[in-house]
Amino acid sequence: MRLNRHPAWPLAQHERSHPAWARRAFVCLTATLFTLVVSAASHAQVTFASNGQQLNDLVGRGVALADFNGDGALDAFVVNESAPTSQDCRVYVGDGRGRFEDSGQRLTSPSWARRPVVHDVDGNGTKDVIVGRMAWMNDGRGRFVPGTSPLVDSDGAMVWQCRLADVNGDGLTDLFAIVTLANMESKGRVYLNDRKGHFQEAGQTPLPGLAAAVELGDVNGDGAVDAVVSGWRNASTDPCPNRVLLNDGKGRFTDSGQQLDEETRHSHGLALGDLDRDGDLDVVLVTQGTPAARLYLNDGKGRFTAGHTLGTTGVEKVAVSDMNGDGSLDIFLACIGPDEVWLNDGRGSFADSALRLGADWSWEVAVGDMNRDGLPDLFVVNLAVDRSAPPQTMMRPRPAEAWLNTSQRLSSPPRKAASSPRAGSSRSRATTSTVTAAPTSSSPTS
């Protein structure tokens, strides 16, 4: 009777014919090659193509994407600087295929503020826009008229930037603003929703340095929305302006004592997102110097540790989004020079995609699905700099750019076990600066 040899017999015979050191070397080489393949797949490329339009003819300072006219496509509300203390806003109507048409609206007002936020101020179901103290009221068809300032306070301080969230847990959208007083002192000021279309001042937190940007999210996992602030230092001896403010759940914020990137002197932007997929919000802080961007990884309790540095040139603003469809948040840097995209391997390690978008100084970016294909696109507002001109006139117009995402979808890498699960939390930890790819459908991200 013939015996059938076990299928593994040839392998066993092969192993007996080679010394142990050779077998170990073979195993190590195989593991290394497997790791390289997995790493390459994790950093799979992302591609963007210009929509070919020349949009906006002023010095671009801010932009928000939303469906302002109710047709299901994303439109763009662009804030321009027409003079150092005034704004000239434009509205570009999206066609749902990634192209935009100028609505012809010229919305001007005296204001230092540059970054718009979208909110239904009067509760009529339309998307209005707040820029500093100015409210632009939407008629439902994407036509805007000046409204009464939604901010009610005591001193009329200059509002540099604001963000929206329910900070006191009453189910209403409140407002956290970075304000600058006449003595150039900055404060983080809370405005609570009065249910009548206004925000009443309800407290403030002094901020060191001159604050420039804020993003909101629950960084310590207690169910309350906290704030991370960045800004300028005029000298190395000035206090670090990059701070984490913790919310007690009632809208009262206190400085946690953390100083993010103590050597930074000029930081105009930051973003929050779960970069290492462990269930908490991490921070990307960008600067005009070196390093251009740095990650701060959260331990789940709101304590941050400095991580990787990114970027090859100075950066103005940053956005995080899953740009290549692999389930991990990638990073877009709006740079002083060509813009950059850095890809996440799913564990918080980033690689330069080698993409260079645009040519000069980008000031702000908004992320959204502009052509309704389920992938996040980019609307970037720009300016040009004439370095030979005096400081007050050196900023020159440069057209905005709409970049359409043409990447192939990828499968998602495994998620790390969350260090501090938040199941059952009554309030979301999502951040306003994080925009992930929309599901494949006909409805856009708004």
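The largest nonpolar core of this structure, which is a predicted model, has 17 residues, and those with the most contacts inside this core are V284, I331 and L333. Two or more residues each are given to this core by β21 (282-286), β22 (293-298), β24 (315-321) and β25 (330-335). Apart from this core lies another, of 16 residues, among them V117, A135, M137 and L175.

**Around V284**
- As general background, nonpolar side chains tend to be buried together in soluble globular proteins.

**A four-stranded sheet**
- Four strands form an open sheet in the order β16-β17-β18-β19, with antiparallel pairing.
- Because β16 (210-217) and β19 (253-259) stand at the edges and have a single partner strand each, one side of each is left without a neighbour in the sheet.
- From one strand to the next, the twist averages 25°.
- Within this sheet, β17 (residues 226-232) and β18 (residues 243-247) pair in the antiparallel sense over three bridges, and V228 has V244 in β18 as its bridge partner.

**The position of Q87**
- Q87 is found in strand β4 (residues 86-94), and this residue counts as buried because its relative accessibility is 0%.
- The C-alpha atoms of Q87 and S111 are separated by 6.0 Å, although the two residues are 24 residues apart along the chain.
- Leaving aside neighbours within four places in sequence, Q87 is in contact with residues including V79, N80, S82, L107, S111, R114, V131, M134 and W136.

Technical notes. Residues are numbered from 1 along each chain as its sequence is written. This is a predicted model: local features need pLDDT of at least 70, side-chain atom pairs count only at pLDDT 80 or more; totals for chains, interfaces and linings use all residues. Side-chain values use heavy atoms; hydrogens and water are left out. Two strands pair if DSSP finds at least two bridges between them. Axes are lines fitted to C-alpha atoms, for helices over the stretch in contact, and angles run from 0 to 180 degrees between N-to-C directions. Buried means under 20% relative accessible area, exposed over 50%, partly exposed in between (1.4 Å probe, protein chains only). Contact means heavy atoms within 4.5 Å. A nonpolar core is a set of buried Ala, Val, Leu, Ile, Met, Phe, Trp, Tyr and Cys residues joined through side-chain atoms within 4.5 Å.
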